[in-house]
Amino acid sequence: MASIWIMISPWTPYLFSFIALILLLEQIFYLKKKRFLPGPSLVFPFFGNVFPLVTNPTKFWDLQSALAKSTRHGFSANYTIGKFILYIHSTDLSHKVFANVRPDAFHLIGHPFGKKLFGEHNLIYLFGQEHKDLRRRIAPNFTPKALATYTDIQQRIIIKHFKSWLDEASKSPSTPIPLRLLCRDMNLDTSQIVFVGPYLNEESRRRFNVDYNYFNVGLMKLPVDLPGFAFRNARLGVGRLVETLSVCVEQSLNKMKSEEQPTCLIDFWMQENLREINEAKKNGLTKPFEYSNKELGGYLFDFLFAAQDASTSALLWALVLLDSHQNVLEKVREEVAKFWSSESDQPLTADMLREMKYLEAVAREIIRIRAPATMVPHIAGEEFRLTEDYVIPKGTIVFPSVFDSSFQGFTEPEKFDPDRFMEERQEDRVYKKNFLAFGAGPHACVGQKYAINHLMLFIAMFTALIDFKRHKTNGCDDISYIPTIAPKDDCKVFLSQRCTRFPSL
């Protein structure tokens, strides 16, 4: 042992000196990028502040927001896992990021390690004409006809889950039940059937749910891509999900070639693709596009991710906010009763939803005051001048906060006030730039009509069919990241049936 120590001891000072130099250079590069911005003066080597981010994301992002608001610049700095990050509080600067998603500026990534996690075939990574063309081909998925088809599907699934929730609540009426996982399962069920309808059998659904849970867990864990780690499980789970969805694409394409009527989102999409291809052939043109089934499966996964977690967040906050604002709840129930009876076996139609203006205002206010996806991460592909005195370094991960924008501009922004979205006040137009829950620019959410419809349908049916009361505890309504935001207590409620019987749809 002594001989080994004698052999290596001459190198020990050099080794420690080299390590010290690396650590010093890391701090220098960080401070050079940070410049005058608010943020930590020193950061932990390589890992930076990733541990506070993972262990208490709410506290981490609240601090970044407070730092960003503390100066006139409207943004703050930090450092995690070798990456310099920028948090943007200012609405105007967030718009500047959203408007400059292109190869030589910002790249939308969805997650700090999104490309590795989501895979290559992903809508958020596209630019320019290719991106515009794909969005144009996706548009028929969200026409009034398509939304009406989805509404019929959604309410049947919603009622099925409501019944199971009430059965669970009846087993112990004095014990509140947490709704987060129940809402998540309902949304996953809804998304699967709305998006790929009859193309998933029961076994496929079971595997789908397991893999999606791997993905969900991995989103909030350290990005360690090694066996046994949650991030690796998430990445592999996404691969299997995309493979499953690509099989659904092939089956739908064959069905639409037979000129059958579309019954789910992928059917509407394949129908439009075939229409464009046939039109090109008639005009003697070459095939206008070429998407593999795997590419389309990847894009479908985008829809699933966007619809699943953000929607779960919105449904939970709807119940929190309606419970704490009984006057709003009563107005919602009165409006719903004008168009739809819970005692009727007639479905609540898309046309009825369009007439419920106050309900729509409530849905929009819920999304404003509790934007489900609070930030939209981008990476700077090149240096970008954000302000006159600050240039964002290449490789920086930039987090425009759509949550913070919701509390800028609006009248009494901290107040839950659906009337702000009614025709009389028109705050949705006056402060349009501050309503960023669905993003802005070329990558604004293509399915926002679907999201609003789903939230409206849930609120209408829940308030008509179920009586509910929050189980109030200290801090129960605090924000928790899952990765979208949810009440800290997972939205614990007491439930009981409000109507004499459930509709048979």
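**Strands, cores and salt bridges in a predicted model**

Ile466 has Gln497, in strand 12, as its bridge partner. The structure is a predicted model, in which local features need pLDDT of at least 70 and side-chain atom pairs count only at pLDDT 80 or more, while totals for chains, interfaces and linings use all residues. Residues are numbered from 1 along each chain as its sequence is written, and side-chain values use heavy atoms, with hydrogens and water left out.

Strand 9 pairs with strand 12 (residues 492-497) in the antiparallel sense, over five bridges. Here helices (H or I, at least four residues) and strands (E, at least two) are DSSP runs, numbered from the N terminus, and two strands pair if DSSP finds at least two bridges between them. An open sheet is formed by three strands in the order 4-12-9, with antiparallel pairing. Strand 4 (177-178) and strand 9 (466-470) are the edge strands, each pairing on one side only.

Two residues form the link in the hairpin that joins strand 6 to strand 7. Within this pair, Arg385 stands opposite Val391 of strand 7. Strand 6 also holds Thr387. Thr387 is buried, because its relative accessible area is 18% and buried means under 20%, exposed over 50% and partly exposed in between (1.4 Å probe, protein chains only). Not counting residues up to four places away in sequence, Thr387 touches Phe75 and Leu93, where contact means heavy atoms within 4.5 Å. Phe462 lies 75 residues from Thr387 along the chain, and the C-alpha atoms of the two are separated by 47 Å.

Another threonine, Thr80, lies in strand 1 (residues 75-80). With 10% relative accessibility, Thr80 counts as buried. Its contacts, leaving aside neighbours within four places in sequence, are Phe46, Phe47, Gly48, Asn49, Val50, Leu53 and Ile85.

The interior can be described through its nonpolar cores, each a set of buried Ala, Val, Leu, Ile, Met, Phe, Trp, Tyr and Cys residues joined through side-chain atoms within 4.5 Å. The largest nonpolar core has 79 residues, of which Phe162, Leu179, Ile459 and Leu495 touch the most other members. Helix 19 (residues 448-465) gives the most to this core, with 11 residues. Apart from this core lies another, of 52 residues, including Leu126, Ile153, Val242 and Ala307. Ile459 touches Ala318, Leu322, Val332, Leu359, Val362 and Ile366, again not counting residues up to four places away in sequence. In soluble globular proteins, nonpolar side chains tend to be buried together.

Leu15, Phe16, Phe18, Ile19, Leu21, Ile22, Leu23, Leu24, Leu25, Ile28 and Phe29 make a nonpolar surface patch of about 1,000 Å². Patches are made of residues with over 30% relative accessible area and no salt bridge, with like charges joined within 9 Å and nonpolar side chains (Val, Leu, Ile, Met, Phe, Trp, Tyr) within 5 Å. Accessible areas come from the Shrake-Rupley method with a 1.4 Å probe, and for residues only the protein chains shown count as cover. Leu21 is partly exposed, as its relative accessible area is 43%.

Charged pairs complete the picture. The whole structure contains 35 salt bridges, each a side-chain nitrogen of Lys or Arg within 4 Å of a carboxyl oxygen of Asp or Glu. In helix 10 (residues 202-219), Arg206 and Glu203 lie three residues apart, about one turn of the helix, and their side chains meet in a salt bridge (2.8 Å, N to O). Glu203 also forms a salt bridge with Arg207, with the closest N and O atoms 3.6 Å apart. Relative accessibility is 46% for Arg206, which counts as partly exposed, and 38% for Glu203, likewise partly exposed. Arg207 is partly exposed too, at 39%.

Where do Glu365 and Arg368 lie, buried or exposed? Both residues are buried, and their side chains meet in a salt bridge (2.7 Å, N to O). Salt bridges that share partners join Glu365, Arg368, Asp417, Arg420, Arg425 and Glu427 into one network. Glu365 and Arg368 are separated by about one helical turn because they are three residues apart in helix 16 (residues 357-369).
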